[in-house]
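Morning, everyone. Please look at the model on the screen, and I'll walk you through how the chains meet.

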2 protein chains.
Amino acid sequence: MAKRLEGTPRADGFRMPGEFEHHAGCWILWPERTDNWRNGAKPAQKAFRDVAKAIARFEPVTVGVNESQYSAAREMLPENIRVVEMSNDDSWVRDCGPTFVVNEAGEVRGVDWSFNAWGGLVDGLYFPWDKDDKVARKICEMEGKDSYRLDDFVLEGGSIHSDGDGTAIVTEACLLSEGRNPDMTKEEIEQKLKDYLGVEKVLWLPNGIYLDETNEHVDNIVHYVAPGKLVLAWTDDESDPQYPLSKSALDYLEKETDAKGRKLEIVKLHIPDEVLITKEESEGVDTVDGTLPREEGDRQAASYANFYIANGAVILPLFGDKIHDEAAKKTLQEVFPEREIVGVFAREIILGGGNIHCITQQQPSGQ
Amino acid sequence: MAKRLEGTPRADGFRMPGEFEHHAGCWILWPERTDNWRNGAKPAQKAFRDVAKAIARFEPVTVGVNESQYSAAREMLPENIRVVEMSNDDSWVRDCGPTFVVNEAGEVRGVDWSFNAWGGLVDGLYFPWDKDDKVARKICEMEGKDSYRLDDFVLEGGSIHSDGDGTAIVTEACLLSEGRNPDMTKEEIEQKLKDYLGVEKVLWLPNGIYLDETNEHVDNIVHYVAPGKLVLAWTDDESDPQYPLSKSALDYLEKETDAKGRKLEIVKLHIPDEVLITKEESEGVDTVDGTLPREEGDRQAASYANFYIANGAVILPLFGDKIHDEAAKKTLQEVFPEREIVGVFAREIILGGGNIHCITQQQPSGQ
């Protein structure tokens, strides 16, 4: 039913669609590990549930769960959300799940990149990560989708965006990091992206969001909202360490054109006021050797660009910063006049190192 | 998507179809526990694979696997078989999986009985069994099928057969055993069966197969092959301890009529020569307190009635007993002239305490 394929999506006529194209559904993994999620992961589970419920209003949602949490997740989630066993080391399905590609006939296949917990033994965030690395295969298997496996290329879904129309965007900070594919040149990496995402051009932002522990994933700083159009996490505060990162991205994008020769339209999305871990939050996280500590006062890589586009909706992280939360909603409503903007309070997710886009993975319908 | 339902299938217009009705597919669980399956379960896994492959020629097969065995199972099984995570204590999906029921409109629902490893703390075969007890729910959840849960009634799928036309058949030895529902009368148990299988009449054989450790499941001694027609495990050897058990079943069935008032047509299916555990086989099984030992010379409850009916085929256990293997094939080909009879050498399965019917669970299509 679900075969492993040789060859490449590009050669087979497949491309990664834009997230704004139609979805068959959305995948989420259930948070559990107490060395990343405070208080036994219970507050995070509620936040994940809120995200799942918000998306389930617009498209089918499946939540994958370790066996140990199956009953708890099934109980906490409403009945219209499907819960299946899906062992994982942590709950970032954007990064360990498959990148789906589609062809003209509407067929859907998966790309199953190697996953090494954002840097492996160089600067990865935990060890081991073998369960995460099997998630893409298991999702494809469950859905009966053939997949391409890359045993020799490390990549996370959060480190790429596609416009569905020939162009992908990434950050150099992540894709050229020592913990991913250190033996490959930038040109070789770009060729892999072209072959497996079915694109003709790759845009390379220098950086992502300040202190983003994924080596600055692109999905935290920009989001394609239509071919030729992106939102960009921004700050007007030139003294903020984020300023030079966003400014260099803007400068780059203003000079560039995409695969179709279009100038890019950039919409600024102002970041929230600083989100700092409180003492209480820090103390709720188990200390374990070899995982990233969560310390009081640490600044979180909070950005509104880390939203999820669902069928007919945008699921937007909110941080309790009234001014910027409202501004982000307003901006996105202008960008997506035909979609409902649904805000979800996401502090518990950013405390774990990511946000709504990081914990979701769309499965395109191919339609 | 998959709701828990109040009420009963019977009240809602649902019935358990005959196994010979059309299937959407078949479920199997992967054997793993080394205190039941010899030599690290490797020989059993090959036998399960052979069964899965045989069935997959005729209908979709999904194999559920504990996380620890996912990669091994995926590697051993061909690509046309779907492999999903499904934690279990052992691999008897006939018994711990859902009993599917259908209605006139072709809708399919699950019945999720309580499972207690064939007798719980009275005479169950292992402890604990909590993972097994969740299998039915998980299968229904994955398939998006609503289900009825019976928290107050213990039953295994192997202890019932349905003719799809108003009649079910069970054994008293099993359904009235101390380890199942000791506080219920026979009449109360019968009412549960009527309500949840959507039948009007229950036939009660006194016994099943000699030394069958399930307290003599009905699926090892008879199999409905059409409404009004059953095959019966039989022996002509009056000195065989199986003889009085089969004889009393025959006597009972010859006197009985079914829900439609039909006399029953009985086809005898001679059992194989004694299957005894060898020293080598016994020594391959881990000794663990609280599980049934597998000792040299133990007679296995071998019976050809423990076959699986697939779309267009019958998957028949063979024991390497040429005369009886051939006779069983011939008899079943006469019973099912329109189906292909596919024999699978099943010694490794019977060594674990069951056979092909016990390790499979059909999901009817409702068509």
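The copies meet through the same surface, because 100% of the interface residues of chain A are also interface residues in chain B. Contact here is defined by C-beta atoms, placed from the backbone, within 7 Å. A caveat: this is a predicted model, where local features need pLDDT of at least 70, side-chain atom pairs count only at pLDDT 80 or more, and totals for chains, interfaces and linings use all residues. Residues are numbered from 1 along each chain as its sequence is written, with chains lettered from A and ligands numbered from 1 in the order in which they are written.

How many residues does the contact take? Chain A gives 18 and chain B gives 19. On chain A's side, strand 4 (82–85) and helix 5 (130–143) are the elements giving two or more residues. Helices (H or I, at least four residues) and strands (E, at least two) are DSSP runs, numbered from the N terminus.

Now the symmetry. A rotation of 180° with 0.0 Å of shift along its axis puts chain A on chain B, RMSD 0.0 Å. The two copies are thus related as by a two-fold rotation axis. The superposition is least squares on C-alpha atoms of residues with pLDDT of at least 70 in both. Within chain A, Glu85(A) comes closest to that axis, at 2.9 Å (C-alpha).

Last, a sheet. Chain A has an open one of three strands, order 8-9-10, with mixed pairing. Pairing needs at least two DSSP bridges between strands. Strand 9 (residues 167–171) and strand 10 of chain A run parallel, joined by five bridges. There, Ile169(A) has Leu203(A) as its bridge partner.

Methods: Contact = placed C-beta atoms within 7 Å.
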